[in-house]
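Hi,

Here's the structure I said I'd pass along.

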Number of protein chains: 2
Amino acid sequence: MGHNVAQKLIAAHLLAGDMTAGREIALRIDQALTQDATGTLVMLELEALGLDRARTEVSVQYVDHNLLQTDSRNAEDHAFLRSACHRFGLWYSKPGNGVSHPTHMQRFGIPGKTLAGSDSHTPAAGSLGMLAIGLGGIEVAMAIAGEPVYLRMPHIWGVRLTGELPAWVSAKDVILEMLRRHGVKGGVDRIIEYHGPGLAHLTAMDRHVIANMGAELGATTTVFPADDQVREFLRAERREHDFVELLADPDATYDVTDEIDLSSLEPLIALPSSPGNVVTVREAAGRPVDQVVIGSSANPGLRDFAVVAAIVSGRQAHPRVSLDVNPSSRQILQDLTKMGATFALISAGARLHQSGCMGCIGMGQAPANGHNSLRTVPRNFPGRSGTREDSVFLCSPESAAAAALTGQITDPRDLPHLLGIDYPRLELPAESSVNTAMLEPPPAPAEQVELVKGANISSLPGFPPLPDRVEAPVALKVGDDVSTDEILPAGAHVLPYRSNIPKLAEFTFAQIDENYAGRAHACRDSGHIVVGGANYGQGSSREHAVIAPRYLGLRVVLAVSFARIHWQNLANFGVLALEFGDAGDYHRVEQGDILVLEGLRDAMASGGTEITVRNTTRDQLYSTRHRLSERQRAMVLAGGVIPWIRGGSAAGG
Amino acid sequence: MGHNVAQKLIAAHLLAGDMTAGREIALRIDQALTQDATGTLVMLELEALGLDRARTEVSVQYVDHNLLQTDSRNAEDHAFLRSACHRFGLWYSKPGNGVSHPTHMQRFGIPGKTLAGSDSHTPAAGSLGMLAIGLGGIEVAMAIAGEPVYLRMPHIWGVRLTGELPAWVSAKDVILEMLRRHGVKGGVDRIIEYHGPGLAHLTAMDRHVIANMGAELGATTTVFPADDQVREFLRAERREHDFVELLADPDATYDVTDEIDLSSLEPLIALPSSPGNVVTVREAAGRPVDQVVIGSSANPGLRDFAVVAAIVSGRQAHPRVSLDVNPSSRQILQDLTKMGATFALISAGARLHQSGCMGCIGMGQAPANGHNSLRTVPRNFPGRSGTREDSVFLCSPESAAAAALTGQITDPRDLPHLLGIDYPRLELPAESSVNTAMLEPPPAPAEQVELVKGANISSLPGFPPLPDRVEAPVALKVGDDVSTDEILPAGAHVLPYRSNIPKLAEFTFAQIDENYAGRAHACRDSGHIVVGGANYGQGSSREHAVIAPRYLGLRVVLAVSFARIHWQNLANFGVLALEFGDAGDYHRVEQGDILVLEGLRDAMASGGTEITVRNTTRDQLYSTRHRLSERQRAMVLAGGVIPWIRGGSAAGG
């Protein structure tokens with residue numbers, strides 16, 4: 001039986017497991033990328049792992065998220081990241097060089113390779129026929145250290161494309177159509193693979209748009225074949241030598257299927273405040289618009305800016321509209337400038353910002369409360385723009401340009417009769433202005449390089465192995481559905497301390513009980529326990545929600561049930577996650593009770609799953625269980641993945 | 001006897017007083033400018049004044065300071081300012097249109113006119129032969145309302161320029177030479193007037209550099225003649241019809257004199273952390289540099305960016321250096337783009353930011369603690385960059401470009417032999433890309449226009465007239481040299497509330513006593529008194545340091561002595577400033593004492609200066625005096641300048 005592209009990519013990198021959906025597989029990783037918001041922690045993890053040199057074929061640290069530099073911590077993070085790249089052998093992409101995803105695609109992407117990235121939009125590299133997966137920082141750190149990435153084998157979802165996009169409709173509308181049909185959970189535990197004759201007219205950068213926002217469907221990743229469009233892309237980037245054809249076999253099959261006739265699509269828009277709230281632009285038309293934001297990894301290509309420039313050229317943004325343009329990379333800004341598009345944008349009233357993520361991740365460009373903002377970015381979750389009561393819409397560059405001119409949501413197909421604007425047929429340069437001068441290659445191996453740590457950057461604390469006996473108080477008891485936002489908040493007050501665990505830990509559980517951190521710290525050496533309800537740790541994948549309480553002495557979380565990623569993170573950092581055998585026992589234990597767990601090391605080593613917890617305050621016994629795999633049991637015994645790897649016990653270690 | 005340019009400007013606008021140095025004069029104001037950081041309060045003051053339409057020839061509200069938009073308040077300020085411009089008949093310069101000073105010069109400056117601006121670098125317009133003065137917000141609001149500006153007649157300081165600047169030396173080095181010679185207080189109570197044959201080779205934009213940073217000498221303002229260079233500037237801006245020749249009479253004299261031979265100057269640099277710490281670049285050479293910032297109103301001209309572009313063209317910024325470029329206006333960015341300079345800057349690794357003040361006023365681009373930052377901006381006071389332990393140097397664009405390439409402080413005259421770079425002979429376009437589309441003219445009179453106030457914008461509170469009797473507690477007693485920073489702090493936490501007096505008031509005196517605001521608010525209706533030592537209210541001119549405590553009920557400040565500007569501000573907002581007749585009495589009164597002042601209205605109206613204060617808690621009498629002019633007494637009686645103007649009592653009212 002023939003293989004599809006996803007299967008071929010997995011098969012070529014399979015280190016353990018088999019390709020049966022739902023089974024754990026281990027994959028060899030060829031490339032890694034990190035960005036600055038997650039990268040400082042990844043570098044501290046590499047330091048804690050005692051890594052000598054990156055063992056991937058290429059690993060790159062991009063600085064694209066936090067570029068505003070409103071105080072000294074930001075520039076100090078940059079100096080630290082640069083020194084860590086020298087120390088561990090990563091490429092360093094300077095602030096201003098651009099957003100990780102398009103830059104990585106342009107300069108490093110190679111068909112057939114795997115890519116692990118500490119950013120949820122890493123799957124964008126699937127546009128080149130790569131298997132690119134977004135992961136938590138420690139998993140990317142491990143990949144950089146040469147360890148495999150573990151995941152459950154996803155279902156492969158074949159989406160057949162036919163036809164050709166009409167004028168004024170572009171790649172963004174394809175992924176918005178997927179979101180309209182399937183919603184933000186439609187891709188969970190799936191790899192989306194696009195195929196069919198419709199691909200012939202979608203450039204690699206068009207495919208980037210679609211693969212990038214596959215993350216909004218919840219997909220594990222998105223893949224495209226490496227075909228002539230990919231070859232053409234690499235040729236324009238002067239890297240045709242990196243081209244490797246990678247096509248599905250003619251008789252390939254898929255676990256799930258769908259089909260889109262591109263010629264039937266029309267301009268679409270996601271209403272506030274979810275990428276899944278998709279309607280036609282026609283339906284949303286007429287609402288007033290105060291801001292239009294162009295850029296981000298969701299519409300990062302030269303054409304995505306050039307088409308806006310062509311539409312607004314010789315015209316002026318509506319007086320009420322702030323037209324914010326965020327070039328996705330220095331290279332693309334160079335090309336835009338060379339072809340006159342920068343001049344057209346500036347002349348039309350654009351606020352041209354430095355290359356980077358900028359408004360997409362709420363680093364500036366926050367709109368007024370309740371005032372509509374149209375954006376070509378991938379996400380519009382509430383508050384992501386930096387404004388609490390925001391009203392953010394997601395759309396294509398064509399739809400964004402139309403709104404910039406009219407000051408209201410406007411179907412771009414109306415521009416010819418409204419403003420006499422013909423659909424622009426772009427002539428893009430045949431070759432990119434390749435400029436790698438802001439990409440610093442790793443210097444020769446240099447164990448002597450000192451990490452440059454500003455006052456706000458502290459090393460990752462060391463975590464001791466699991467003791468055989470825990471006798472510790474319940475420092476906090478919480479209810480159901482506690483999210484990682486409640487365990488460790490994000491936001492402008494807390495985020496600057498993401499490289500400073502002792503300081504960060506002060507914010508742990510502050511939204512629930514601001515005295516928790518003090519109580520926990522008081523008995524930090526002997527440790528403490530947290531008791532939770534159902535779905536403990538739902539929400540984002542942030543590792544800080546484990547590392548911070550672990551720093552304060554958290555050894556055990558005893559809950560009714562756990563959210564999947566947080567549960568993995570607990571194991572990664574050596575915290576024992578136990579579920580009540582009888583959910584009713586949750587109601588019997590109270591904050592302040594002393595719990596005793598004995599014979600833990602034997603229990604973990606022997607492979608048993610049951611652990612008895614004794615409440616000495618109330619003289620009760622609770623039957624509990626863990627669900628750890630053999631690998632995870634070894635990690636928890638060692639004190640977490642870092643001491644486990646350092647101890648040389650890991651598969652590839 | 002002949003007149004100099006400054007005397008001609010003053011004589012043509014003199015409404016009261018005579019031109020004897022030290023005497024109060026009243027000047028008619030032709031033009032006004034505000035920026036967003038001070039403008040929101042100016043607009044609230046116009047609202048409180050009940051202004052119908054601006055009475056100046058032209059008034060412009062620029063949005064250039066706060067452009068990062070890290071939360072919703074920023075965009076809401078912009079919407080408010082735009083609506084206020086519609087309401088009161090001001091021009092509105094959209095975010096992204098540029099920095100007020102160069103933009104005003106390019107689009108509105110007219111030789112022979114007066115300009116009042118709520119920004120300390122307003123004197124830059126002196127480059128066109130204008131009399132341009134930086135003032136507090138309420139004084140600019142009054143000027144917009146048609147009232148005169150009052151000041152003490154300054155001494156006129158004639159600085160004769162001879163010779164011609166050598167290669168690699170530019171206008172910034174001229175003003176740095178002035179600062180090297182005279183320090184940051186050298187210009188206090190003076191108008192600097194440049195004259196002599198050296199002017200022939202200084203363009204109007206070169207003169208802008210020199211006039212702008214006259215503020216760093218503490219000068220009241222700086223003036224240049226309106227000569228052929230000014231005519232040429234206006235011609236290139238397509239406004240030659242606005243040219244009026246304004247030259248000193250051949251026999252003009254000056255109160256103070258100095259002379260600079262331009263041909264003798266070399267590249268200069270101000271060391272951290274004062275514009276007065278000037279040495280030659282040669283002396284400072286070799287120190288490592290992590291950041292180079294180009295832009296701001298101190299080096300705003302096309303040539304100031306183009307010369308950097310020419311120097312770095314085809315080369316690359318040093319790997320350690322962040323090269324941050326802040327175009328001063330959209331128009332200049334257009335010209336830079338048209339002439340290829342934008343491409344050269346981007347190719348060399350520049351981070352190209354939106355047009356505006358940006359890094360100059362610490363809105364982003366904060367350097368790492370202790371890492372050297374070279375900037376073409378006007379000021380390097382400690383912390384202004386946004387970094388507490390900053391290390392900021394001020395220099396010319398040529399010196400900045402040299403450091404960007406070498407990664408260390410470098411005399412640009414060494415570039416020929418270090419890097420083979422010849423001194424660039426620039427060919428600038430003969431005409432600017434005039435583009436006024438981001439400058440919204442005031443609409444036809446429209447009293448009906450509603451002010452768009454976000455949740456964070458509250459109207460200016462109304463302040464009642466001076467009561468005849470005050471019986472109130474001493475809510476706070478402070479020591480000597482209390483600064484306006486201690487009365488009302490600046491900074492990212494407090495600044496966002498500058499349009500929200502009730503919220504802002506919560507921060508009053510928080511650095512000295514965080515319970516003051518609560519105590520004062522508790523007796524807000526009956527009022528309270530603050531007792532201060534010597535030099536009370538030193539530091540910045542911020543009016544908020546009076547408005548906020550006044551909102552909390554401050555009626556009287558009783559101090560040993562007052563700093564001049566804060567003392568004026570107290571009168572402007574109806575707070576009675578009294579000095580102890582016997583400084584020793586300061587030690588007899590304590591916080592919490594009840595003080596009684598009687599017969600205040602008669603005392604003020606009759607012109608007496610003595611007021612007796614009775615301490616009922618300690619049964620003591622203090623002899624005190626005020627130093628208010630007749631105009632100021634009337635204002636204080638009315639409750640401040642706003643009710644005074646509204647009552648129709650003002651000269652021009």
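Before anything else, please bear in mind that this is a predicted model.

Let me start with the chains. Across the interface of chain A and chain B there are 32 residue pairs in polar contact, both residues being at pLDDT 80 or more. Salt bridges are another story: the count between chain A and chain B is zero. As for which parts of chain A are involved, α3 (72-88), α11 (330-338), α12 (341-347) and β17 (351-352) each bring at least two residues to the side that touches chain B. The largest share of that side comes from α11(A), with five residues. Sorted by class, the side of chain A facing chain B holds 17 nonpolar, 21 polar and nine charged residues.

How much area goes into this? Chain A and chain B bury about 3800 Å² between them, and 55% of that is on carbon and sulfur atoms. In chain A, the residues that lose the most area to chain B are A:F343, A:I346 and A:R351, which together make up 16% of what that side buries. In terms of contacts, 47 residues of chain A meet 47 residues of chain B.

Now for the inside of chain A. The chain is divided into domain 1 (5-16 + 24-264), domain 2 (268-419) and domain 3 (470-646). I followed up on domains 1 and 3 of chain A, whose C-alpha centres lie 32 Å apart. Their contact takes 22 residues from domain 1 and 17 residues from domain 3. Between them, these two domains of chain A bury about 1700 Å², with 55% of it on carbon and sulfur atoms.

Here you do get salt bridges: two are found across the interface of domain 1 and domain 3 of chain A. A salt bridge joins the side chains of A:R631 and A:E24, at 3.3 Å from N to O. There are also eight residue pairs in polar contact between domain 1 and domain 3 of chain A, again with both residues at pLDDT 80 or more.

On the domain 1 side, the elements of chain A giving two or more residues to the contact with domain 3 are α2 (36-49), α3, α5 (137-144) and β8 (149-152).

Cheers

Technical notes. Residues are numbered from 1 along each chain as its sequence is written. Chains are lettered from A and ligands numbered from 1 in the order in which they are written. This is a predicted model: local features need pLDDT of at least 70, side-chain atom pairs count only at pLDDT 80 or more; totals for chains, interfaces and linings use all residues. Side-chain values use heavy atoms; hydrogens and water are left out. Contact means heavy atoms within 4.5 Å. Buried area is the accessible area (1.4 Å probe) that two parts lose on being put together, summed over both. A salt bridge is a side-chain nitrogen of Lys or Arg within 4 Å of a carboxyl oxygen of Asp or Glu. A polar contact is a pair of N or O atoms within 3.5 Å; within protein, one must be able to donate a hydrogen and the other to accept it, and residues adjacent in sequence count only if both atoms are side-chain atoms. Helices (H or I, at least four residues) and strands (E, at least two) are DSSP runs, numbered from the N terminus. Ala, Val, Leu, Ile, Met, Phe, Trp, Tyr, Cys and Pro count as nonpolar, Asp, Glu, Lys and Arg as charged, and the others, Gly among them, as polar. Domain bounds come from an automatic or database domain assignment.
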